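Hello,

Here is the structure we talked about. Please have a look, then read my notes below.

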Amino acid sequence: MSTVRQLENPGLNLYEQDFFAWTMAQAAALRHNRPEGVDWENAAEELESMGKRDRRELESRLRGLLMHLMKWVWQPEKRGASWEATIVEQRKEILKIFIQSPSLKGHAEQVLTEEWRDARRLASIETGLPLSEFPDACPWDTNRQVLADWWPE
């Protein structure tokens, strides 16, 4: 099928025409130790992209977790199952990321300050509380509190 597509538009390579077919062809070339069948430049780019995607997912989940922990602390009267479920889910998904990519554990600590700033702004918007109500810096330890089975009061 990919050959037919290439004939339909000969100016494009398989990577540009049919990404899925390209990934299958690349996997087959690697499995059968056929370096001449590997599109090295695009393969390298895609591998880097996969790592960046995991890093962005970690950052997004950390930001969501921090925002819900803030809401949990600064609006205790509005605590509910939804917030609790979100906190549990974000922690679970972050743990899955760490199991698949242990090197990202250090990244969580590196980006905590930036993600706190973003989560702080979002928490202010969602709660209607002034931004100044939330601390400028995260008051919690990343590994012992934020990412652990810990609940702030």
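**Around W140**

W140 touches L69, M70, V73, W74, L112, W116, Q145, V146, W150 and P152, leaving out residues up to four places away in sequence. Contact here means heavy atoms within 4.5 Å.

Some ground rules. This is a predicted model: local features need pLDDT of at least 70, side-chain atom pairs count only at pLDDT 80 or more, and totals for chains, interfaces and linings use all residues. Residues are numbered from 1 along each chain as its sequence is written, and side-chain values use heavy atoms, without hydrogens and water.

**Cores**

The largest nonpolar core has 26 residues. Such a core is a set of buried Ala, Val, Leu, Ile, Met, Phe, Trp, Tyr and Cys residues joined through side-chain atoms within 4.5 Å. Buried means under 20% relative accessible area, with a 1.4 Å probe and protein chains only. L62, L66, M70, W140, V146 and L147 touch the most other members. At least two residues each come from α4 (40-74), α5 (81-100) and α6 (105-127). α4 gives the most, with 8 residues. Another core, of 7 residues, lies apart from it; L14, Y15, A21 and W22 are among them.

**Whole chain**

The chain has 7 helices and 0 strands. Helices are DSSP runs of H or I, at least four residues; strands are E, at least two; both are numbered from the N terminus. The radius of gyration, over C-alpha atoms, is 22 Å, well over the 15 Å that the globule rule (2.2 Å times the number of residues to the power 0.38) gives for 153 residues, so the chain is more spread out than a compact globule. The C-alpha trace spans about 65 × 30 × 25 Å along its principal axes. Of the 153 residues, 36% count as buried.

Best wishes

Key:
Buried < 20%, exposed > 50% of the residue type's maximum accessible area, 1.4 Å probe, protein only.
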